[in-house]
Amino acid sequence: MARARRNKSYKLSEIYDRRSREVPFNAELAEVEVDNPLALEPGEKIMALRAIRSDPLGRLHAHHQIDEAQYRGGRAFQNDWERAERGPQAVDTTREYVDSTATREPVTESQRQAVLRLNRVERELGTDGAALVHDVLVLGLTMDQIGERRAVRTQRWNDYFARRFRECLDRLALIYGFATEIGTRRASQRR
């Protein structure tokens with residue numbers, strides 16, 4: 001009896017490769033370099049896959065349309081928004097049921113600081129810029145959807161919103177300390 005041939009070697013040549021081989025058919029992924037959580041030495045990096053389908057900021061960064069400082073400024077804004085938001089909360093089943101009145105939880109110091117930073121961001125960006133940043137970073141809208149919400153549907157308006165959004169990201173990078181005024185001027189002159 002003949003022995004079955006194997007097409008693939010079972011040697012573990014790249015044991016450090018932890019990327020998923022099976023992804024959903026509608027996934028939009030980008031490779032990103034991150035710190036290795038299992039590293040023996042500090043600063044060791046690995047390649048990972050990041051989902052960018054419902055993440056406009058991640059998509060812009062993956063396609064090299066914004067730089068690292070703009071990306072980090074946008075993520076810092078999203079983090080402050082999440083920290084400051086006090087929307088509907090789930091029922092806490094661990095608390096004792098007394099009556100139907102729900103007591104408000106006190107505002108924490110991190111929430112207060114996040115609200116102060118968001119107020120500064122709104123002052124710096126202006127009403128239109130703050131609304132644009134909120135639409136993209138919090139609601140996850142595209143430039144087409146923003147144009148539809150504002151009843152302007154031409155490509156020229158989409159280009160304007162995209163350019164204005166990048167300007168707002170530059171400003172966020174300055175506010176959160178990821179860029180300097182001189183570096184931002186140089187980057188805008190290169191465009």
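What is the handedness of the crossing of α2 and α3? The crossing of these two helices is left-handed, where left-handed means that the near helix is turned anticlockwise from the far one by less than a right angle, and right-handed that it is turned clockwise. The structure is a predicted model, in which local features need pLDDT of at least 70 and side-chain atom pairs count only at pLDDT 80 or more, while totals for chains, interfaces and linings use all residues. Residues are numbered from 1 along each chain as its sequence is written, and side-chain values use heavy atoms, with hydrogens and water left out.

**The chain as a whole**

- The protein chain contains six helices and two strands; helices (H or I, at least four residues) and strands (E, at least two) are DSSP runs, numbered from the N terminus.
- Read from the N terminus, the order of the elements is β-β-α-α-α-α-α-α.
- Of the 191 residues in the protein chain, 29% are buried; buried means under 20% relative accessible area, exposed means over 50%, and partly exposed lies in between (1.4 Å probe, protein chains only).
- The accessible surface of the protein chain is about 14900 Å², and carbon and sulfur atoms account for 50% of this surface; such areas come from the Shrake-Rupley method with a 1.4 Å probe, and for residues only the protein chains shown count as cover.
- Among contacts between residues at least 6 apart in sequence, 48% join residues at least 24 apart; a contact means heavy atoms within 4.5 Å.

**Helix α2 against helix α5**

- Helix α2 (residues 68-84) packs against helix α5 (residues 155-175) at an angle of about 80°, and their axes are 8 Å apart. Axes are lines fitted to C-alpha atoms, for helices over the stretch in contact, and angles run from 0 to 180 degrees between N-to-C directions.
- This angle makes α2 roughly perpendicular to α5, since angles of 65 to 115 degrees count as roughly perpendicular, those under 35 as roughly parallel, those over 145 as roughly antiparallel and the rest as oblique.
- On the α2 side the contact is made by A69, Q70, G73, G74 and F77, and on the α5 side by R166, L169, D170, L172 and A173.
- The residues of this contact divide into five nonpolar, three polar and two charged. Ala, Val, Leu, Ile, Met, Phe, Trp, Tyr, Cys and Pro count as nonpolar, Asp, Glu, Lys and Arg as charged, and the others, Gly among them, as polar.

**Helix α2 against helix α3**

- The axes of α2 and α3 cross at roughly 120° and come within 9 Å, which makes α2 oblique to α3.
- Residues G74, F77, Q78, D80, W81, R83 and A84 of α2 meet residues of α3 that include S110, Q111, A114, V115 and R117.
- By class, nine residues of the contact of α2 with α3 are nonpolar, five are polar and three are charged.

**Helix α3 against helix α5**

- Helices α3 and α5 pack at an angle of about 125°, with their axes 9 Å apart, and α3 is therefore oblique to α5.
- The crossing of α3 past α5 is left-handed.
- Among the α3 residues in this contact are R120, V121, E124, L125 and D128, and those of α5 include Y160, F161, R164, F165 and C168.
- The contact of α3 with α5 comprises 13 nonpolar residues, one polar residue and five charged residues.

**Two residues of helix α3**

- G126 lies in helix α3 (residues 109-137) and counts as partly exposed, because its relative accessibility is 24%.
- The C-alpha atoms of G126 and C168 are 9.6 Å apart, although 42 residues separate the two along the chain.
- D128 is likewise in helix α3, and its relative accessibility of 34% makes D128 partly exposed.
- Apart from its neighbours within four places in sequence, D128 is in contact with R150, Y160 and R164.
- D128 and R164 are 36 residues apart in sequence, and their C-alpha atoms are 9.5 Å apart in space.

- Most residues other than glycine have a negative phi.
- H64, which is not a glycine, has a positive phi of about 60°.
- H64 is in the loop between α1 (56-62) and α2, and at 72% relative accessibility H64 counts as exposed.
- A151 is also a residue other than glycine with a positive phi, with a value near 60°.
- A151 is found in the loop between α4 (143-149) and α5, and A151 counts as exposed because its relative accessibility is 63%.
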